[in-house]
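Here are my notes for you to read with the model open on your screen. Take the points one by one and find each spot as you go.

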Amino acid sequence: MHILVLNGPNLNLLGTREPDIYGRDTLADIEAACRTLAGDLGVTVAFEQSNHEGALVDALHAARTGADGVILNAGAYTHTSIALRDAISATGMAVIELHLSNTHARETFRHVSMIAPVCIGVIQGFGAAGYGLALRAIVAHLGAHAG
Ligand code: CA2
């Protein structure tokens, strides 16, 4: 089983600013933890980040043939991107929407997600630990829906 962990705009800056909201872990720290957990779960992970909406769409298209499921922290594009929503629908893949912060406890513009209706579930508010929770969740989901 191969899982793509796809990260959107500004998440390359994790660990450098706003630790009260996003924590102190860098994206590299999160990737390392995910790789360790993936080994324990007997799956493989690919980690990608882009600040560009079209590149994220391309990554979702590529995942159609290269991955079994996707964990997507789409960053601010979560709240705006019909293109990402359409890409998730078009691929028909199992995608988990993930956020470090609890977007519902923040500004009202973060309360809306364009992608949640086409994802299998949403995990948010648990900081970097959410990546591990999402990995466990998607592995369990794919295992239950195999074949
Ligand atoms: O909580 C999340 O994971 C978000 O996806 C993070 C996005 C935000 O727009 C979403 O509403 C929720 C922002 C990522 C910004 O990352 C930063 C990293 C370091 C310093 C400042 C911002």
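How many nonpolar, polar and charged residues does the shell around the ligand have? Keep that in mind as you start on point 1.

1. Before anything else, remember that this is a predicted model. Now for the count: the shell around the ligand is made up of seven nonpolar, seven polar and three charged residues. There are 17 residues around the ligand, and N73, H79, L100, S101 and R110 come nearest.

2. Next, have a look at where the ligand is. You'll find the ligand in the largest pocket.

3. H99 has a polar side-chain atom 2.9 Å from a ligand oxygen. With L100, the backbone is what to look at: one of its N or O atoms lies 2.7 Å from an oxygen of the ligand. For S101 go back to the side chain, where an N or O atom is 2.6 Å from a ligand oxygen. As for cover, the ligand on its own would expose 510 Å², and the protein buries 95% of that.

4. Side chains of opposite charge can pair when their charged atoms come close. The whole structure has three salt bridges. One to find is between the side chains of R35 and E31, with 2.9 Å from N to O. Why are these two about one helical turn apart? Because R35 and E31 are four residues apart in helix α2, which covers residues 27-41.

5. Last, check some backbone angles. Most residues other than glycine have a negative phi. N10 isn't a glycine, yet its phi is positive, near 75°. E18 is another non-glycine residue with a positive phi, near 50°. Where do they lie? N10 is in the loop between β1 (2-7) and α1 (19-22), and E18 is also found in the loop between β1 and α1.

Conventions. Residues are numbered from 1 along each chain as its sequence is written. This is a predicted model: local features need pLDDT of at least 70, side-chain atom pairs count only at pLDDT 80 or more; totals for chains, interfaces and linings use all residues. Side-chain values use heavy atoms; hydrogens and water are left out. A residue is near a molecule or strand if one of its heavy atoms lies within 4 Å of it. A polar contact is a pair of N or O atoms within 3.5 Å; within protein, one must be able to donate a hydrogen and the other to accept it, and residues adjacent in sequence count only if both atoms are side-chain atoms. Accessible areas come from the Shrake-Rupley method with a 1.4 Å probe; for residues, only the protein chains shown count as cover. On a 1 Å grid over the protein atoms alone, a cavity is a set of points where a 1.4 Å probe fits but cannot get out, and a pocket is an open set with protein on both sides within 12 Å along at least five of seven lines; lining residues have an atom within 4 Å of a point. A molecule sits in a cavity or pocket if more than half of its atoms lie within 2 Å of its grid points. Ala, Val, Leu, Ile, Met, Phe, Trp, Tyr, Cys and Pro count as nonpolar, Asp, Glu, Lys and Arg as charged, and the others, Gly among them, as polar. A salt bridge is a side-chain nitrogen of Lys or Arg within 4 Å of a carboxyl oxygen of Asp or Glu.
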